[in-house]
Amino acid sequence: MPFLVPQLPKGPNYGILAEFATPTDLYHACERVRDAGFTRWDAHTPFPVHGLSRAMGLRRSPLPWIVLGMGLTGAALGFVLQWWVHATAQPLVISGKPFFAWPAMIPVTFELGVLFAALGAVFGMLGLNRLPMHHHPLFRSKVFERVTDDAFFISIESWDPRFDPTATGKLLESLGARSVELLESE
Amino acid sequence: MAQTEAELLDNPVAGHPTLILRSPDFHSITDAVAEPIERKTPIGWWLFFIPSVALLSILGVAVSWLFWEGIGIWGLNVPVGWSWDITNFVFWIGIGHAGTLISAILFLFRQTWRTSINRAAEAMTIFAVMCALIFPGIHVGRVWVAYWMFPLPNQMGTWPNFRSPLLWDVFAVSVYGTVSLLFWYVGLIPDLAMMRDRAKTRARKLAYGFFALGWRGSQRQWHHYESAYLVLAALATPLVLSVHSIVSMDFAVSVLPGWHTTIFPPYFVAGAIFSGFAMVLTLMVICRKVFRLEHIVTLRHFDYMAKIMLVTGSMVGFAYGTEFFTAWYSGNPYEFFTFLNRAGGPYAWAYWIMVSCNVISPQVFWFKKARTSIPILFVMSIIINIGMWFERFVIITTSLHRDFLPSAWGYFTPTMWDVACLLGSFGLFFTMFCLFVRFVPMVATSEVKTVLPQANPHGQPGPERESKVHRSDHGRGELAPEGAS
């Protein structure tokens, strides 16, 4: 269960934050960090950079499966609700239609399917991303304020088995980082 | 700048079109969008906001009087039991369609030009749906039992009738409102984080920070985020088509001549997109001027929107013709009478306003001069929305006012309370929109940045790469991707 795993490294250091000048630099640096075998690291960009997930070696997001499950649940619930209301709980003849007039039940079934799927997409995304999370060691960095503006970062967390405060910083510098910063834990 | 806006527009097929002018860097996009929110409130904003709030207060008065006195204060009576109330509902819900069309359908078709206008269009959608929801809510008369529309367990053991299109409508519109709000908010998260990171005061930092949910722009987050956005677009696309289809079934499933026709769902959807784009245009013409976003919302965007309006307007015109043909070809005297009565009866004036606004006037968009002229676009956008309001008025009122027997014929005249409700709904719409542009980034910066050539780590195909020498004069040195392969 990913939700039960602690989310931040213990110890005095959170990790290393390195800034890159362009999306292209970041992209190539990510490929190298991936190939060096790091696992607990991330890239930070103001906008989704095309193909960066592959450069980082991320697996496909499981989100569509959550959405599918939620959508089918919503549609089934909507259909069963209508059947239950008209065929069992309150069977009324209205404009001569059959009690279980299933074609007339498609619109509401569809709408509830879409509603549940959309809720699944949004809250599933927030859950997978562990949001909301208003405090994070990265926010202590002054340069990190530009992550939503025009700066591109790689952060490598200190609990990565390959992490070393000096060697990892050197590696990032050799990959073309503009600046490298060691961040403390909160 | 070596090339003028017009020159760039003249060459749309030579590879990748330049969507954003003045070749900005990422930071200048952030500034252009965020600064208007951070500056002192401009006088121009108050000039729009105060009249909007005045109109909104008219809505407050009109609705309070309606609740007190009942729907008899409107001009409704036998045989016209639905008129401006439902006209306004369909009008607003139609306007609400362009936002989702721009954000969802154009996203799935990878129409990257949508990035400059999608945020404002989505906001417009939400506000239009709010305006729309008022009317079915208040037209029921006994508003204190409006909750009977929802399937809630109650002491009477009664349930709503799911076999009725009116109930489908309740579900369609409320789901549409909810999903539009979710879609808009998900798109806003990175930009709210941008406002948080730029905030100079603690209050701003807390307010934007709260809604930004602690967004860190991390690729592991973007990874799920992009998946969610794609899924929401894929869900919103059939949803947006279903909503106006279901609205049209409120009419089409009845047995009334003039309403009972299978062309209604596609015809209503085309009309909705038509009017929605017109409203986006009205708002964007003003906003880009007031907030100096001419380089982000360019004439090219208006050109594309005008083309969509030309297409959907012509589809609507075609539907008007098809309705007439079907009425004649069906051989049904009541059906044919209804249509002759529309074009030549007591409401002929409304019918011909509709045809001239919706079918004849958009034909100017065949000409590029008209599609790229701001005054023509602005005037046309207002004409189209007048025409689309009249379309719904014509469909609803002319089909009702002459019942099967001439003894049950009548003529609907609006009262001042009908007018007050319509004007008041505009007050609500513009008040919300003013608040939106004042406090929320009105352009999706995290999306606009992706269409800049330097955002692509794989280098830019086509003529963009050749022009990088020219472009790099303007930025901060990180513009053209180097070593692109």
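Reply: Start with the contact between chains A and B. The model is predicted. Two residues touch if their C-beta atoms lie within 7 Å. Here chain A gives 58 residues and chain B gives 60.

Me: Which elements of chain A give two or more residues to the side that touches chain B?

Reply: Look for helices and strands on that side. They are α1 (23-35), β2 (41-44), α2 (52-56), α3 (63-89) and α4 (106-128) of chain A. The largest share comes from α4(A), with 12 residues.

Me: How do the residues of that side divide into nonpolar, polar and charged?

Reply: Sort them by side-chain type. On the side of chain A that touches chain B, 37 are nonpolar, 15 are polar and 6 are charged.

Me: Now the chain itself. How many helices and strands does chain A have?

Reply: Count first, then read the order. Chain A has 5 helices and 4 strands. From the N terminus, the order is β-α-β-α-α-α-β-α-β.

Me: What radius of gyration does chain A have, and what would a compact globule have?

Reply: Chain A has 24 Å, while a compact globule of 186 residues would be near 16 Å. Then check the box. Along the principal axes, the C-alpha atoms fill roughly 80 × 35 × 30 Å.

Me: What share of chain A is buried?

Reply: Count neighbours. A residue is buried if 20 or more other C-beta atoms lie within 10 Å of its own. In chain A, 44% of the 186 residues qualify.

Me: And what about contacts along the sequence?

Reply: Ask how far apart the partners sit. Take the contacts in chain A with a separation of 6 or more: 80% of them join residues 24 or more positions apart.

Notes: Residues numbered from 1 in each chain as written. Chains lettered and ligands numbered in written order. Predicted model: local features only at pLDDT ≥ 70, side-chain atom pairs only at ≥ 80, totals over all residues. Rg over C-alpha atoms; globule rule 2.2 N^0.38 Å. Buried ≥ 20, exposed ≤ 12 C-beta atoms within 10 Å, placed from the backbone. Nonpolar A, V, L, I, M, F, W, Y, C, P; charged D, E, K, R; others polar.
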